Amino acid sequence: MTAVITKPGALIYDGVDWDYDTIKRVYDAIEHIALNEMGLNVYPNQIEVITAEQMLDAYSSIGMPLMYKHWSFGKHFARDEMLYRKGYRGLAYEIVINSSPCISYIMEENTMTMQTLVIAHAAFGHNHFFKNNQLFQQWTDAEGILDYLEFAKTYINQCEERYGYAAVERVLDAAHALMSQGVHKYPKKRTLDLRLEQKRERERQEYQEQTFNDLWRTVPRPAAGQRPPKSVSERKKLLGLPEENILYFLEKKAPRLEHWQRELLRIVRHISQYFYPQKQTKVMNEGCATFVHYQIMSRLHETGQISEGAFLEFLHSHTSVVFQPEFDDKRFSGINPYALGFAMMQDIVRIAEQPTDEDRQYFPDLAGRGDGMAAVREAWANFRDESFILQYLSPHLMRKLKLFSVRDDAEDPYLLVDHIHNERGYRSLRKMLARQYDLGFLEPDIQIVDVDLAGDRKLILHHRVTNGVLLDESDAKAVLRHIANLWGYEVQLVEVSAVSDAILKEHAVTAPSGVSG
Amino acid sequence: MNIIDRRLNPQGKSLANRQRFLRRAKEQVVKAVRDASGKRGIQDLENGEKVTIAAGGVREPSFHRSGSGGVRDYVVPGNKEYVEGDTIPRPEGGGGGRGNEGSADGEGEDDFRFVLSRDEFLDIFLEDLELPDLVKQKVKQTESHTLTRAGYSVSGSPANLSLVRTMRNSLSRRIALRRPKPAEIAELEALLREAEEAGEDPERLQELRQELERQILRSKRIPFIDPIDVRYNRFDTVPKPIAQAVMFCLMDVSGSMTEHMKDLAKRFFMLLFLFLKRRYGAVDIVFIRHTHEAKEVDEETFFYSAETGGTVVSTALEEMRKVIEERYPPQDWNIYAAQASDGDNMSSDNAKSAALLRDVIVPYCQYFAYIEVAAEHNMGLSALGRETELWRTYKQVQGPDRPLAMRRVRSRREIFPVFRDLFARDKAGA
């Protein structure tokens with residue numbers, strides 16, 4: 001076999017078995033390509049070899065190497081373990097953690113080619129994305145996350161010892177139910193540091209001195225002690241309402257929580273916030289990693305560092321990863337983020353390097369600018385799924401995937417094909433697909449709108465209903481029950497039409513017994 | 001880059017989570033286990049069990065949109081023939097290939113299935129069961145001594161040497177007797193060498209030499225570790241009080257017992273055996289089987305060997321009495337008995353059996369359980385209230401202060417409930 005290959009360079013490994021020396025060699029070869037040829041910028045890497053059971057473990061604790069203890073993780077473990085043992089489901093080849101150093105788990109039973117693929121995919125693809133994407137830079141602290149989890153685990157353990165399992169579980173259950181309502185979607189105003197504070201103070205004073213007018217002193221004031229009752233809007237403003245981060249609001253404002261309970265809410269909220277960027281960048285993150293591993297493996301093959309057999313094995317698993325079944329296929333379960341992401345990355349390179357006239361028309365800035373790698377790196381740094389699709393999905397790719405849109409109106413007896421991949425439909429399709437990845441649109445818009453702390457303390461939430469799709473009733477009721485447990489008083493959820501402000505449905509949960517009074 | 005091998009990390013990291021999950025789902029798991037145990041053979045009890053519980057109690061709710069109603073738009077790949085404005089009949093089951101926007105975790109209201117390990121299964125199955133009235137706490141002479149630490153001694157085996165104590169003694173002795181440290185001697189030597197090289201006056205040299213000699217001698221005379229320093233950890237043996245219990249298993253293996261009945265009886269005893277083995281390490285078990293004559297046998301014979309003959313119940317009771325009087329004096333032992341029979345007995349023996357039971361056996365026993373096995377098709381007769389000879393006999397003996405329990409078992413399905421019923425903790429002593 002080696003005699004046939006005339007390309008320069010020697011194989012960096014041969015056969016399926018791996019050992020640490022080979023992994024090291026492969027890592028160095030990949031690193032060379034990734035950093036020098038592709039211009040990636042990564043956190044230091046740490047590769048950990050684990051067994052299947054440990055992989056299941058990592059699965060159930062949402063992929064983190066350390067996690068506090070909760071029954072829901074046990075539940076997921078029990079289910080995943082059974083599915084795995086019965087052969088219904090395979091295991092992921094790798095898990096990667098957004099931390100510095102970036103930890104990639106690889107399974108011991110992978111072949112050497114799979115290990116190579118996994119290192120290229122996780123240790124360079126995902127790693128580069130974590131380090132460079134603006135969402136991750138803005139929202140997550142890669143250096144601190146493991147320390148924080150360590151703290152969370154210890155703290156929750158201590159709480160369990162001090163206050164009992166049941167009490168801790170009660171709070172954690174409620175917090176988990178509100179996890180997706182526990183993120184700040186926009187950065188909060190940063191608190192100023194002392195110097196800035198002083199500066200602002202000085203500026204205000206100067207302004208006052210400049211505009212001083214003695215006349216104001218003579219204007220009569222309302223008598224002290226007779227403050228008019230606060231208006232509703234004033235009350236809301238004091239409480240920071242409306243507030244969509246329900247966990248945050250409860251942590252700060254719930255009247256009956258103990259200090260440790262607030263801390264538990266805070267922990268869950270932080271973890272939820274940490275994963276928020278990942279939820280928004282599924283397509284891009286996987287697209288980036290898949291694109292990177294494909295480039296690297298191809299380069300390794302081109303330079304004769306891996307054998308034909310290894311490359312074929314790689315192609316086999318690569319194609320099954322990026323396989324996109326069509327809508328009428330039995331295997332169809334939505335759009336495969338790997339497939340869409342990978343196809344878009346390749347498309348960007350194509351547009352940048354070999355554009356067609358159509359591309360020039362749709363992407364005047366991008367088309368023909370050359371250096372496709374730089375173009376995708378820019379995309380990885382600056383976008384999230386929604387804006388990425390809106391910006392980069394080309395008519396060429398829509399035709400390739402044969403995308404079309406369907407409108408399902410519960411009032412009509414049939415489904416309507418709205419747009420297809422033709423001149424008239426490209427822009428609408430792109431907009432609609434982008435919307436499918438917009439978390440702000442996907443997740444119901446639920447906000448805390450009012451509470452009268454001086455009155456009955458009833459917490460009122462609004463769900464702004466888009467397209468007439470209401471909340472799932474039994475789940476909504478269960479979550480409200482959890483909110484009531486934390487809040488301590490009555491909770492009401494009103495579903496309001498976003499179009500007409502009409503009230504569509506109301507759910508209410510009374511104060512938890514034994515707590516109120 | 002670092003490569004870390006985590007494979008050797010402690011296994012079972014998720015055990016704590018699993019225990020929390022089982023505790024959380026306890027009610028449902030217990031129910032599922034009870035259901036499952038009715039269906040399986042006792043041999044299978046040794047294996048784990050796949051249980052299915054309703055997802056209700058372990059559901060993780062979240063705010064999400066419902067799966068139906070309203071207007072939804074989907075973008076899907078793979079258009080073949082559609083053009084704008086085409087209509088498609090609504091697929092069955094709410095949009096087969098239409099993506100699943102609504103439920104993110106795809107779990108819905110399905111039942112939740114997972115596998116319990118054997119230990120977990122037995123734990124849950126045998127939970128709340130207890131041998132009633134373990135009252136006679138006796139210290140057994142021959143068994144069960146534990147070692148406890150009891151300070152230090154000056155003699156003992158080298159394995160018990162207490163290094164810390166020994167070194168502490170040695171150190172204090174060395175300080176008290178002012179044994180020179182090696183460093184001090186080295187210092188003197190250096191001083192002497194220096195003085196020799198510098199050619200100081202001989203008197204001073206002589207002085208130094210003597211001093212060095214004295215110190216070396218001293219360090220030789222005062223050993224680093226002296227036998228008087230040595231200490232050993234001392235252990236005392238303490239007798240551990242244990243509740244002594246013996247369980248008698250009595251079974252009729254006569255010809256009137258059909259295979260089905262024997263099977264039922266065996267299953268019952270197997271279950272009992274499993275329960276006792278698991279719950280009480282120190283329970284003696286005596287197997288007695290009888291036809292028209294009774295014999296004490298070992299476990300293997302009791303369960304698996306065949307025998308035929310007439311039925312005289314009193315022989316078994318007699319044998320039991322003999323064994324009790326020979327080996328298990330009632331004042332020292334908690335005695336339990338379970339008897340399985342089809343209810344047949346020689347009519348001439350009934351009076352004798354009743355007397356034996358009333359006057360001897362039951363007074364000896366903490367608890368006597370009588371299981372009557374019947375043919376499955378026999379249901380009609382018993383339903384009419386016809387009682388077997390032995391049942392009637394035993395019923396006479398039953399009294400408020402006599403710990404005698406009687407149950408009927410007709411099919412395999414009933415064994416587990418009856419067993420639970422007999423040994424349920426709250427019923428103990430009934």
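## A salt bridge in chain B

At 31% relative accessibility, B:Glu296 counts as partly exposed. The model in which this residue is described is a predicted one. B:Glu296 forms a salt bridge with B:Arg327, and the closest N and O atoms of the two are 3.0 Å apart. The pair links distant parts of the chain: B:Glu296 lies in strand E12 (residues 294–297) of chain B, B:Arg327 lies in helix H10 (residues 313–327) of chain B, and 31 residues separate them. B:Arg327 is also partly exposed, because its relative accessible area of 37% falls between the limits of 20% and 50%.

## Other salt bridges within a chain

Over all chains, the structure holds 42 salt bridges. One of them joins A:Asp418 to A:Arg407, with 3.7 Å between the closest N and O atoms. This pair too links distant parts of its chain, with A:Asp418 in strand E5 (residues 414–420) of chain A and A:Arg407 in strand E4 (residues 404–409) of chain A, eleven residues apart. A:Arg407 has a relative accessibility of 32% and therefore counts as partly exposed.

In chain B, B:Arg7 forms a salt bridge with B:Asp5, where the closest N and O atoms are 2.9 Å apart. B:Arg7 is partly exposed at a relative accessible area of 21%, and B:Asp5 counts as partly exposed at 31%.

## Chain A as a whole

Chain A contains 21 helices and nine strands. Of its 517 residues, 53% are buried. Among the contacts in chain A with a separation of 6 or more, 72% come from residues 24 or more positions apart.

## The contact between chain A and chain B

In the interface, 94 residues of chain A are in contact with 61 residues of chain B. The area buried between the two chains is about 7400 Å², and carbon and sulfur atoms give 55% of it. Eleven salt bridges are found across this interface. Among them is the one between B:Lys80 and A:Asp328, whose closest N and O atoms are 3.2 Å apart.

Helix H3 (residues 71–85) of chain A gives the most to the side of chain A that touches chain B, with eleven residues. The residues on that side of chain A divide into 49 nonpolar, 20 polar and 25 charged.

Strand E1 (residues 45–50) of chain A pairs with strand E1 (residues 2–5) of chain B in the parallel sense, over four bridges. A:Val49 has B:Asp5 as its bridge partner in E1(B). B:Asp5 is also the salt-bridge partner of B:Arg7.

B:Ile88 belongs to strand E4 (residues 87–89) of chain B. Is B:Ile88 buried or exposed? B:Ile88 is buried, because its relative accessible area is 10%, with 20% as the limit for a buried residue. Not counting residues up to four places away in sequence, B:Ile88 touches A:Tyr414, A:Leu415, A:Val417 and B:Tyr82.

A:Ser405 is found in strand E4 of chain A. The relative accessible area of A:Ser405 is 0%, so this residue is buried. Its contacts, leaving aside neighbours within four places in sequence, are A:Leu416, A:Val417, A:Asp418, A:His419, A:Leu429, A:Met432, B:Tyr74 and B:Val75.

## A buried serine in a loop

A:Ser100 is placed in the loop between strand E2 (94–97) and strand E3 (102–107) of chain A. With a relative accessibility of 17%, A:Ser100 counts as buried. Which residues does A:Ser100 contact, leaving aside its neighbours within four places in sequence? They are A:Tyr43, A:Pro44, A:Ala142 and A:Glu143. With A:Glu143 there is a polar contact between the two side chains, at 3.4 Å.

Terms used: Residues numbered from 1 in each chain as written. Chains lettered and ligands numbered in written order. Predicted model: local features only at pLDDT ≥ 70, side-chain atom pairs only at ≥ 80, totals over all residues. Heavy atoms only, no water. Contact = heavy atoms within 4.5 Å. Buried area = accessible area lost by both parts, 1.4 Å probe. Salt bridge = Lys/Arg side-chain N within 4 Å of Asp/Glu carboxyl O. Helix = DSSP H or I, 4+ residues; strand = E, 2+ residues; numbered from the N terminus. Nonpolar A, V, L, I, M, F, W, Y, C, P; charged D, E, K, R; others polar. Pairing = 2+ DSSP bridges. Buried < 20%, exposed > 50% of the residue type's maximum accessible area, 1.4 Å probe, protein only. Polar contact = N/O pair within 3.5 Å; in protein donor to acceptor, adjacent residues only side chain to side chain.
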